[in-house]
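Subject: Structure handover

Hello,

Here is the structure for you to look over. My notes follow below it.

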Amino acid sequence: NSRDYCKRKHNIAYLFKMSMATSSSKNASYLPSQNPQRMQSLKTFLAADEIVTINPTFSYKAPLDFLITQESIGPFEAGIDTNVPLWLALYLRKRNLCRLRCPEWMNVENLKRVLKHERDPQENSFSKELPFRYAEISRAILQACGAGRSAVHAGGSGVDGGEEIPQMEVVRVLLEDIGMLRMGKIRDNVHFLSGVIGQSLEKPM
């Protein structure tokens with residue numbers, strides 16, 4: 001009906017905007033001149049200021065001021081959760097100075113709800129339960145925690161990635177499924193939009 005038609009047209013712009021978080025990596029991979037590591041760094045950079053929670057293993061009483069941030073970060077107290085930008089969390093995690101806290105939206109139950117939403121043929125929009133840069137954020141976190149590597153190497157040199165991201169491999173698979181379903185939605189809506197434009201061009205002026 002006309003209501004569903006209008007709703008679907010309204011969602012198209014939103015779908016294109018949200019698709020940038022998932023499609024950029026796939027589009028870039030087909031360009032032979034692109035360095036995969038550089039492209040990965042660029043995508044992580046785009047999400048670098050997103051706030052995540054860490055549990056530091058060190059103490060530093062004074063707040064840290066960085067030229068690239070508008071607000072001070074810290075202070076830090078060992079064992080006390082602290083919110084920091086993603087770039088700093090990855091830096092500290094790489095040096096075994098913190099544990100990453102799994103974002104609420106990355107837990108298995110939430111991802112299953114999102115997957116159910118994306119699979120629903122009546123839903124033309126993306127689930128609002130994931131942040132805009134969910135693909136870059138989750139990829140960086142999972143990579144830092146060792147998703148896809150053996151249990152011996154997954155935790156680095158002292159921090160167990162499995163403790164940081166419960167059911168880490170399940171999370172990774174769910175995120176991949178969500179990404180594939182969203183790409184399918186984008187294709188369907190592009191096809192729908194093409195039909196709408198084609199019909200409007202065929203109408204006499």
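Leucine 111 has 0% relative accessibility, so it counts as buried. Buried means under 20% relative accessible area, exposed means over 50%, and partly exposed lies in between, with a 1.4 Å probe and protein chains only. This is a predicted model: local features need pLDDT of at least 70, side-chain atom pairs count only at pLDDT 80 or more, and totals for chains, interfaces and linings use all residues. Residues are numbered from 1 along each chain as its sequence is written, and side-chain values use heavy atoms, with hydrogens and water left out.

Leucine 111 sits in helix α4. Helices (H or I, at least four residues) and strands (E, at least two) are DSSP runs, numbered from the N terminus. What does leucine 111 contact, leaving aside neighbours within four places in sequence? The partners are Trp105, Met106, Leu130, Val171, Leu174, Leu175 and Ile178. Contact means heavy atoms within 4.5 Å. Aspartate 177 is 66 residues from leucine 111 in sequence, and their C-alpha atoms are 9.9 Å apart.

Asparagine 110 is in α4 too, which spans residues 108-119. Its relative accessibility is 5%, so asparagine 110 is buried. Not counting residues up to four places away in sequence, asparagine 110 touches Glu104, Trp105, Glu129 and Leu130.

Now α4 as a whole. It has 12 residues and reaches 16 Å from first C-alpha to last, close to the 16 Å expected at 1.5 Å a residue. The expected span is 1.5 Å times one less than the number of residues. Which residues of α4 are buried? They are Val108, Asn110, Leu111, Val114, Leu115 and Glu118. These cover an arc of only 160 degrees around the axis, so they lie on the same side of α4. The arc is taken from the directions from the helix axis to the C-beta atoms. An α-helix has 3.6 residues a turn, so residues three or four places apart point the same way.

**Backbone points**

Most residues other than glycine have a negative phi, and most peptide bonds are trans.

- Glycine 74 and proline 75 are joined by a cis peptide bond, with omega about 0 degrees. Proline 75 is in the loop between β1 (51-56) and β2 (82-85).
- Asparagine 96 has a positive phi, near 60 degrees. It lies in the loop between α3 (86-94) and β3 (98-100).
- Glutamine 167 has a positive phi, near 50 degrees. Its loop runs between α7 (161-164) and α8 (168-202). At 51% relative accessibility, glutamine 167 is exposed.

**Surface**

Leu42, Phe45 and Leu46 make a nonpolar surface patch of about 320 Å². Patch residues have over 30% relative accessible area and no salt bridge; like charges are joined within 9 Å, nonpolar side chains (Val, Leu, Ile, Met, Phe, Trp, Tyr) within 5 Å. A salt bridge is a side-chain nitrogen of Lys or Arg within 4 Å of a carboxyl oxygen of Asp or Glu. Areas come from the Shrake-Rupley method with a 1.4 Å probe; for residues, only the protein chains shown count as cover. Phenylalanine 45 is in helix α2 (residues 36-46). Its relative accessible area is 60%, so phenylalanine 45 is exposed.

**Whole chain**

The chain has eight helices and three strands. From the N terminus, the order is α-α-β-β-α-β-α-α-α-α-α. Of its 205 residues, 40% count as buried. The chain exposes about 12800 Å², and carbon and sulfur atoms supply 56% of that.

Best wishes
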